[in-house]
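The following note sets out several points for a colleague examining this entry. Please read them alongside the sequence and the coordinates.

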Amino acid sequence: MEASCLELALEGERLCKVGDYHAGVSFFESAIQVGTEDLQILSAIYSQLGNAYFHLHEYNKALEYHRHDLTLTRIIKDQPGEAKASGNLGNTLKVLGRYDEAAVFCQRHLDISRMLHDKAGQARALYNYGNVYHAKGKNICWSGMDPGEFPEEACIALKKATEYYEANLAIVKELGDRAAQGRTYGNLGNSHYLLGNFQDAVLAHGQRLLIAKEFGDRAAERRAYCNLGNAFILLGQYEVAAEHYKRTLQLARQLKDRAVEAQACYSLGNTYTLLQHYERAIDYHLKHLIIAQDLKDRIGEGRACWSLGNAYTALGNHEQAMSFSEKHLEISKEIGDRSGELTARMKVSDLQLLLGLKQNNSNSNSSAFMESPPGDSSLPDGRSRGSRRHSMENMELMKLSSDKNMGQACEESTSPQQAKSPTKSSTAKTPSKLFFINRFRSKKHRLNGSNSTRPDKQYALDTRADDGFFDLLSRFQASRMDDQRCSLQDSLSSVPALSIPCESPSVALNNPEASAQPGHFLDLLASSQSRRLDEQRASVDSLPGLRLDQCHSQDVLSKLMVSADNKEPDEDFFDMLIKCQGSRLDDQRCAPPPPPTRGPTVPDEDFFSLILRSQANQIDEQRVILPSDTRPLQTNPE
C-alpha cells in the first residue's frame, strides 16, 4: 500500500511539472484514496494537490488542501513545511480577495523563515507579502473609482507593497537571483505607477526590461515595454511612449498573440491622436477594428469605431465620422453600454448639424431618450411604467383614524363563514373568537347609528366598547401564551426519578430529586460543556488519505493527541485569530459594484483613463497663483 500510494504521488508530481495538471490531480486523488500512514508523504500530497488546483483556478479546492497541509505540518512539527503551507495559503487567499487573512499567513511564513535563517524563504515571504498589498491597493483603486481618485486606504496598501518589494530586492540581490529580481522590479514599477510616482516606475520597468532581455523572456519584455509606454504617456512624453508601444506591437506579433496585438494598435492610435497625426492614428485604429471583429470582441469594436469617428472628425471628413459614430451607437445598444450610447447619440447629433441632415423628429427622439431610456420602459417583473402608475393612482387606502369608518367597514364585511381564509394561519382562529368579534363590531355599529345626534353618550358608549374589546383581546392573547408554555407536570409523572447523576440535559430536567442536589447542576454543566468541546475537536477522519492499521494506529493517535494536548496557545496565535476575526466584518459588508466589462482587445489600463489623469495634472500646472500683498496691514487708530 505504501509503495502504491507513493508511486501514484510521484507520477502526479511528474505530470504537474510538465503542465498536465488535470492528469496530475487524478493521480493525487488516487493516492489519497489508497491512503498512507506516513504523515510526511500525506503532507506532500496535500501540498502538491493544492498547487495543482491553484493552477486549474479551482481556488476553493486549493484552499482546502493547503489547510490540510498546514494542519499536518503543525502536528508533526515540520517548521519548513509549515512555512511553505502558510505561503501557499497566503497566495490562495490573495486570489480569493481575502487580503487580511492572506497577510496573516504571509507574516507567519516570514516569521518561520527568519527563525530558521532561511534567506530564500524570507525572500519568497516578502514577495508574497508585497503581492497581497499590491493586489489590495489595485483592487481599491479600480473598483468603480474615477481615474486619479485614490483613497487613503489604497495608498497605504501600495506603499506597504513597495516596502516589501524593496526588502525582497535587497535579499535576492544578495543571493544573486536575477530572475527573482526581474519579477520584483516589474511589480515594484506597477506599485509606483499606481501611486503616481511615474519616474520611479520608469526606472523599475527599465530594470525589468534589461533582465527580461538577459533571459530572452519575450513575454516579460513585451509587458515591460507596454508599462513603460503607459508611464511615458502620463509624463507627457508621447513620442517616447509611441516608440515603446511600437516595440510592444512587434513582440506581440512575434508571440502570435492577437489580443495583445490589438491592444498595442489601440494604444498607438490614441497616442498619435494626441500627437495630432490623425492619418497614422486612423491606420492603427482600423487594424484594431479588424482584429476585434476577428475575435468577436464587440466592446473592442465599439471603442475602435468611437476612436475612428473622432479622428475623422478632426480631419474634417464628417461623412466617414458619421458612419463610424452610427456603428458605435449600434454596438453600444447591443452590449448595453449606457454611457457609450449617450456619447454616440450626442456625436451623431453634432455630425447631423454639421452635415445639414438633422431630421424633423430629432427633438422628439432626444427628449424621449432623456425621459425614457431604451431598455428601461418596463420593470423587472414585466409591467410597464404606465401601468404601474395607473395602479398606484387607483390604489384604495384604508382609513383607520375614526370609529365611524370602522363601523362602515364592518357593515361591508362578510359573514363569519366567508371571513375564514383557506390559509393555515387563519384556520387557527376559532369560531368562538370570530363570533365575539363580529358581535362586538355589530353592537358598536348599532350604537353609532342610533346615537348619532348625541355625541356625549356616543363617546361614553364607544369608550366602554373599546375597553371591552381590549379586555377580550387580552384574554385571547393570554390563552395563546398559556398554550405555548412547556408543561413539566406531565413529563414528571411519566418519567421515573433516577438516583444516578444524569448524562444528558433532557434526563436531568425530568429528575426532580437529582436536580435538588447542590452539586448536580455543576455536574450537569460540566458534562454538557465537555460534549460541546468534543464536538469542536478536529477529527482524524477529516484528513483524507490517512489510513491507520492495528500496528501503527496507537502510535499515530498518541502523536496526534500529544501534539494537540501539549500545544499551548501563544501570542502569535491570538494575534492571528484577532486579525482573521476582524476580516469577518469586512466579509459582511456589501460588495462594491463590479467593474465595467472589458474586451480582450482593450488594454487593462484604459488609455482614456491615462489621458484624463494626465490632463488633470496639466490643468493644475496651468493654474495662476495670485500674488500676495506683502505690505503690512494698517490698523485703524482708536
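1. The structure is a predicted model. It holds 0 disulfides. Cys-16 is buried, as its relative accessibility of 9% lies under the 20% limit. Cys-106 is likewise classed as buried, with a relative accessible area of 1%.

2. Helix 5 against helix 6. Helix 5 spans residues 79-95 and helix 6 spans residues 99-115; their axes lie 8 Å apart, at an angle of about 155°. Because this angle is over 145 degrees, helix 5 is roughly antiparallel to helix 6. The crossing of the two is left-handed. On the side of helix 5, the contact includes Ala-83, Ser-86, Gly-87, Leu-89, Gly-90 and Leu-93. Among the contributors from helix 6 are Ala-102, Phe-105, Cys-106, His-109 and Ile-112. By class, the residues of this contact comprise 9 nonpolar, 6 polar and 4 charged.

3. Helix 6 against helix 7. Helix 7 covers residues 119-141, and its axis comes within 8 Å of that of helix 6, with a crossing angle of roughly 165°. Helix 6 and helix 7 are therefore roughly antiparallel to each other. Their crossing is left-handed. Helix 6 supplies, among others, Ala-103, Cys-106, Gln-107, Leu-110 and Arg-114 to the contact. The contact of helix 6 with helix 7 divides into 11 nonpolar, 7 polar and 4 charged residues.

4. At 58% relative accessibility, His-57 is exposed.

5. Backbone at Lys-296. Lys-296, which is not a glycine, has a positive phi of about 60°. Its place is in the loop between helix 14 (278-294) and helix 15 (298-315). Lys-296 counts as exposed because its relative accessibility of 70% is over the 50% limit.

Note on methods. Residues numbered from 1 in each chain as written. Predicted model: local features only at pLDDT ≥ 70, side-chain atom pairs only at ≥ 80, totals over all residues. Heavy atoms only, no water. Disulfide = S-S within 2.5 Å. Buried < 20%, exposed > 50% of the residue type's maximum accessible area, 1.4 Å probe, protein only. Helix = DSSP H or I, 4+ residues; strand = E, 2+ residues; numbered from the N terminus. Axes fitted to C-alpha atoms, helices over the stretch in contact; angles between N-to-C directions. Parallel < 35°, antiparallel > 145°, perpendicular 65-115°, else oblique. Left-handed = near helix turned anticlockwise from the far one by under 90°. Contact = heavy atoms within 4.5 Å. Nonpolar A, V, L, I, M, F, W, Y, C, P; charged D, E, K, R; others polar.
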